[in-house]
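Student: I have the sequence and the coordinates open. Could we go through them by question and answer?

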Amino acid sequence: MDQASAAPRRALLRMITLGGAVTAAGAFATACGRSGSKASASASGTPGAEAAPGADTIMIIRHGEKPDENGKKAPFGVTEEGEQNVHALLVRGWQRAGALVGLFAPDGGTPLRKGLQRPDAVYAAGPHPGEKGLRPSETVAPVAAKLKVRANLKYLTGDEAALAKELRGRRGRTLVSWEHHAIHTIVKGLGTVRPAPPHAWPDDRFDLVWVFVRTGDGWAFSQVPQLLLDGDSANPA
């Protein structure tokens with residue numbers, strides 16, 4: 001693909017992700033305006049896990065929406081360059097990626113959703129040879145760009161134990177984007193977590209943040225529904 005055709009396709013994806021960011025702002029305002037509603041009451045999932053400023057915090061998300069695994073029918077996955085790719089995000093997944101900017105790195109002093117922290121590091125599962133596994137890094141690319149940090153892609157799916165070891169020793173506020181079937185392995189590697197998280201990330205949920213706040217020798221767990229796109233649920237897993 002030549003540069004002349006690639007440029008408008010990248011511009012289209014930037015428009016899509018910008019649209020997602022606008023959606024996020026609206027969703028955030030709606031959620032904040034529902035004082036006492038189910039969405040507001042469920043925002044932290046479990047009590048007592050909100051991080052104090054400066055507390056070590058790990059926030060784990062699943063990558064954005066994906067195509068059917070065989071990739072033979074629409075909707076198709078598409079790369080940032082606009083190329084069809086079964087290992088990339090759907091357009092809706094790119095919209096979520098853009099909307100995550102408003103959730104984790106809002107402009108103008110806008111407060112973050114209760115239970116979340118502005119990341120100072122971003123990790124994602126790195127792609128495997130042959131461009132397999134693009135979605136985790138694509139999902140957090142807009143957030144990393146906004147935060148002006150380079151996403152750490154040195155760990156691949158299968159390296160969850162090593163990643164968990166690094167996260168345990170890391171200080172600060174960390175955002176992690178991963179393949180949902182392996183998130184429980186990361187959680188297991190963190191050590192003592194209270195209350196216990198669900199045994200598995202639901203197959204049908206792309207709209208959650210699992211939050212782990214360091215407390216002494218363990219971690220306090222909560223869930224924050226993203227509430228970014230139409231159809232997102234206010235319920236924790």
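Tutor: Start with a term: buried means under 20% relative accessible area, exposed means over 50%, and partly exposed lies in between (1.4 Å probe, protein chains only). This is a predicted model, in which local features need pLDDT of at least 70, side-chain atom pairs count only at pLDDT 80 or more, and totals for chains, interfaces and linings use all residues. Residues are numbered from 1 along each chain as its sequence is written, and side-chain values use heavy atoms, with hydrogens and water left out.

Student: Does Leu 227 count as buried or exposed?

Tutor: Leu 227 lies in the segment after strand 6, and its phi is positive, about 50°, although it is not a glycine. Its relative accessibility is 12%, so Leu 227 counts as buried.

Student: Is Lys 148 buried or exposed?

Tutor: Lys 148 sits in the loop between helix 4 and helix 5 (160-169). Its phi is near 60°, a positive value in a residue other than glycine. Most residues other than glycine have a negative phi. Because its relative accessible area is 73%, Lys 148 is exposed.

Student: What pattern does the protein follow along the sequence?

Tutor: Helices (H or I, at least four residues) and strands (E, at least two) are DSSP runs, numbered from the N terminus. The protein has six helices and six strands. Read in sequence, they give α-α-β-α-β-α-α-β-α-β-β-β.

Student: Which strands stand at the edges of the sheet?

Tutor: Two strands pair if DSSP finds at least two bridges between them. The six strands form an open sheet with mixed pairing, in the order 2-3-1-5-6-4. Each edge strand has a single partner strand, so one side of it is left without a neighbour in the sheet; the two are strand 2 and strand 4 (193-194).

Student: In which sense do strand 1 and strand 5 pair?

Tutor: Strand 1 (residues 57-62) also pairs with strand 3 (residues 173-178), in the parallel sense over six bridges. Thr 57 stands opposite Arg 173 in strand 3, and opposite Val 213 in strand 5. With strand 5, strand 1 has five bridges, and the sense is antiparallel.

Student: How many of the residues of strand 1 are buried?

Tutor: In a regular strand the side chains alternate between the two faces of the sheet. Here Thr 57, Met 59 and Ile 61 point one way, while Ile 58, Ile 60 and Arg 62 point the other way, and all are buried. Strand 1 is therefore mostly covered, with a buried count of six of six.

Student: Which residue in strand 3 is the bridge partner of Val 122?

Tutor: Strand 2 runs parallel to strand 3, joined by four bridges. Val 122 and Ala 124 are on one side of strand 2, Ala 121 and Tyr 123 on the other, and all are buried. The bridge partner of Val 122 is Leu 175.

Student: At what angle do helix 3 and helix 4 pack?

Tutor: Axes are lines fitted to C-alpha atoms, for helices over the stretch in contact, and angles run from 0 to 180 degrees between N-to-C directions. Contact means heavy atoms within 4.5 Å, and residues that meet include Trp 94 and Leu 100 in helix 3 and Pro 142 and Val 143 in helix 4. The axes are 8 Å apart, and the angle is about 35°.

Student: Which residues does Gly 133 touch, not counting those up to four places away in sequence?

Tutor: Gly 133 is in the loop between strand 2 (121-124) and helix 4 (135-147). At 29% relative accessibility, Gly 133 counts as partly exposed. Its C-alpha atom is separated by 5.8 Å from that of His 87, 46 residues apart along the chain. The residues that Gly 133 touches are His 87, Ala 125, Gly 126 and Pro 127.

Student: With which side chain does the side chain of Gln 223 make a polar contact?

Tutor: A polar contact is a pair of N or O atoms within 3.5 Å; within protein, one must be able to donate a hydrogen and the other to accept it, and residues adjacent in sequence count only if both atoms are side-chain atoms. Gln 223 is in strand 6, and at 5% relative accessibility it counts as buried. Its side chain reaches the backbone nitrogen of Ala 237 at 2.8 Å. The side-chain partner, at 3.2 Å, is Trp 210.

Student: What is omega near for the peptide bond from Arg 194 to Pro 195?

Tutor: Most peptide bonds are trans. The bond from Ala 74 to Pro 75 is cis, with omega near 0°. Pro 195 lies in the loop between strand 4 and strand 5. The bond from Arg 194 to Pro 195 is cis, with omega near -10°.
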